[in-house]
Amino acid sequence: MLSATESLNKPLEQPFRDFLSATVADASAHARFLNLLSMLEHMGSRKIMLSQMKGILTQDILKHLAEETRHAFFFKREAEKMSGSAIEGYPSDRTMAVPSGRLYFGRLDAGLTSDMPADVHAETGYLWVSLIVELRAIWGYRMYQDVLAEAASPLSLKSIIAEEDRHLVDMVLRLEEIGFDAASALPLACELEKRLFGKLLGALQTEHRARAA
Ligand SMILES: [Fe+2]
Ligand SMILES: [Fe+2]
């Protein structure tokens, strides 16, 4: 699954890596990028919670929710460390590409769940959106980790990557258990996600260029 993601996303690899290198080299841009990651992690954890209001809050789901919330906390703490001051919420002067980040998540969620039959298992939407997001998170965080290591940054994403890897496995196994055919739905879902991520990346690059000018 991860290698399919890698080959599908080959064209985005260099542009994203270039964006990351430029961002890591600029503390103020880096802080705003970290706060965007905090926002995305927070949106993810909030979506898990909302999707399960009428569902069954199992121990697994609560664990996943707690971990995504901790990721939001982790990136917020690093953003504050990097900028040297407290950052309340996700205002656009302290957070990169806020509207595009929100659109990415909103459109992805809607696109992946709108055609689901009403009688699917209560966890299906949550599991399916999470699986697609985890693929992107692992792809992006691995590259970000490489760039941080190249820049000899003290920031390490290793524990977060290990948790995202675990989440991916958990989503795949649970979808299998409830009888959802992830393998057949995957190519179309990954194409949609890639298109939406491409737009987000475009917004990040535009904002970076505008600030650098
Ligand atoms: Fe996460
Ligand atoms: Fe995750």
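1. A nonpolar core is here a set of buried Ala, Val, Leu, Ile, Met, Phe, Trp, Tyr and Cys residues joined through C-beta atoms within 7 Å. The model is predicted, and its largest nonpolar core has 40 residues. Leu34, Leu36, Leu108, Trp128, Val129, Leu131 and Ile132 have the most contacts inside this core.

2. Two or more residues of this core come from each of α3 (27–51), α4 (59–83), α5 (98–113), α6, α7 and α8 (182–212). Helix α6 gives the largest share, 11 residues.

3. Leu34, one of the residues with the most contacts inside the largest core, touches Phe75, Glu78, Ala79 and Met82, leaving aside residues up to four places away in sequence.

4. Helix α6 (residues 124–150) packs with helix α7 (residues 158–177) at an angle of about 155 degrees, and the axes are 9 Å apart. Angles over 145 degrees count as roughly antiparallel, so α6 is roughly antiparallel to α7. The crossing of α6 past α7 is left-handed.

5. On the α6 side, the contact is made by Leu127, Trp128, Ser130, Leu131, Glu134, Leu135, Ala137, Ile138, Tyr141, Arg142 and Gln145. On the α7 side, the residues are Lys158, Ile160, Ile161, Glu164, Asp165, His167, Leu168, Met171, Val172, Arg174 and Leu175. Sorted by class, this contact of α6 with α7 has 13 nonpolar, 3 polar and 6 charged residues.

6. Trp128 and Leu131 belong to the α6 side of that contact and are also among the residues with the most contacts inside the largest core.

Methods. Residues numbered from 1 in each chain as written. Chains lettered and ligands numbered in written order. Predicted model: local features only at pLDDT ≥ 70, side-chain atom pairs only at ≥ 80, totals over all residues. Axes fitted to C-alpha atoms, helices over the stretch in contact; angles between N-to-C directions. Helix = DSSP H or I, 4+ residues; strand = E, 2+ residues; numbered from the N terminus. Parallel < 35°, antiparallel > 145°, perpendicular 65-115°, else oblique. Left-handed = near helix turned anticlockwise from the far one by under 90°. Contact = placed C-beta atoms within 7 Å. Nonpolar A, V, L, I, M, F, W, Y, C, P; charged D, E, K, R; others polar. Buried ≥ 20, exposed ≤ 12 C-beta atoms within 10 Å, placed from the backbone.
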